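Open the model in your viewer and keep the selection panel at hand. Each stop below says what to select and what is there.

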Amino acid sequence: MPFIDARLTVPASPAQKETLKAAFGQAVTALHKSETYLMVQIADECELWMGGEKLEKGAYLSVSLFGNAAPADYEEMTARLCKILADTLDIPGDCVYVTYHPVSDWGWNGANF
């Protein structure tokens, strides 16, 4: 039950958003999850600051998942997400923050897992 919340400083076209969504669906396998229940939010043209400076090209991704993953899996996921953003929107990895939020209680369709 992963959720990826992507906040981007740059505009993203509908085609680019679709590319990101599909790529995130592949990347989530690093956390031993599938795209089947993946939910994605992509908010573009956000204002983000890092080190006191406004980012021209930057991103913050928050990844929530039911359960937990190993540190190496999170490392792999971060690498994949940074590559996706660089390839799709030319956002450099040193302007990307990724946080992980393991969740023990997750509800869907009127019940909890």
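The tour goes from strands to salt bridges, then to cysteines and a surface patch.

**Before you start**

This is a predicted model: local features need pLDDT of at least 70, side-chain atom pairs count only at pLDDT 80 or more, and totals for chains, interfaces and linings use all residues. Residues are numbered from 1 along each chain as its sequence is written, and side-chain values use heavy atoms, with hydrogens and water left out.

**Stop 1: E1 and E2**

Select residues 3-8, strand E1. Helices (H or I, at least four residues) and strands (E, at least two) are DSSP runs, numbered from the N terminus. E1 and E2 pair in the parallel sense over five bridges; strands pair if DSSP finds at least two bridges between them. Pick Arg7: its bridge partner in E2 is Ala43. Now trace the chain from E1 through H1 to E2; this β-α-β crossover is right-handed. That term means that, with the strands pointing away from the viewer, the path from the first strand over the helix to the second runs clockwise.

**Stop 2: E5 and E6**

Select residues 59-66 for E5 and 96-103 for E6. These strands run parallel and are joined by eight bridges. Ser64 has His101 as its bridge partner in E6. Helix H2, residues 71-89, carries the chain from E5 to E6, and this β-α-β crossover is right-handed.

**Stop 3: salt bridges**

How many salt bridges does the structure hold? There are seven. The criterion is a side-chain nitrogen of Lys or Arg within 4 Å of a carboxyl oxygen of Asp or Glu. Visit three pairs among them.

- Select Lys17 and Asp44. Their side chains meet at 3.8 Å, N to O. Lys17 is in helix H1 and Asp44 in the loop between E2 and strand E3 (49-50), so the pair links distant parts of the chain, 27 residues apart. Lys17 counts as partly exposed, at 28% relative accessibility. Here buried means under 20% relative accessible area, exposed over 50%, and partly exposed in between (1.4 Å probe, protein chains only).
- Select Lys57 and Asp90. This salt bridge is 3.0 Å, N to O. Lys57 lies in the loop between strand E4 (53-54) and E5, and Asp90 in the loop between H2 and E6, so the pair ties together parts 33 residues apart in sequence. Lys57 is partly exposed at 29%; Asp90 is exposed at 52%.
- Select Lys54 and Glu47. The salt bridge here is 3.1 Å, N to O. Lys54 is partly exposed at 49%, while Glu47 is exposed at 52%.

**Stop 4: cysteines**

Color the sulfurs. The structure holds zero disulfides, a disulfide being a pair of cysteine sulfur atoms within 2.5 Å. From Cys46, the nearest cysteine sulfur is that of Cys95, 15 Å away. Cys46 is buried, at 19% relative accessibility.

**Stop 5: a nonpolar patch**

Show the surface and select Tyr37, Trp108 and Phe113. They form a nonpolar patch with about 340 Å² of accessible area together. Patches are made of residues with over 30% relative accessible area and no salt bridge; like charges are joined within 9 Å, nonpolar side chains (Val, Leu, Ile, Met, Phe, Trp, Tyr) within 5 Å. Tyr37 is partly exposed, at 41% relative accessibility.

Technical notes:
Accessible areas come from the Shrake-Rupley method with a 1.4 Å probe; for residues, only the protein chains shown count as cover.
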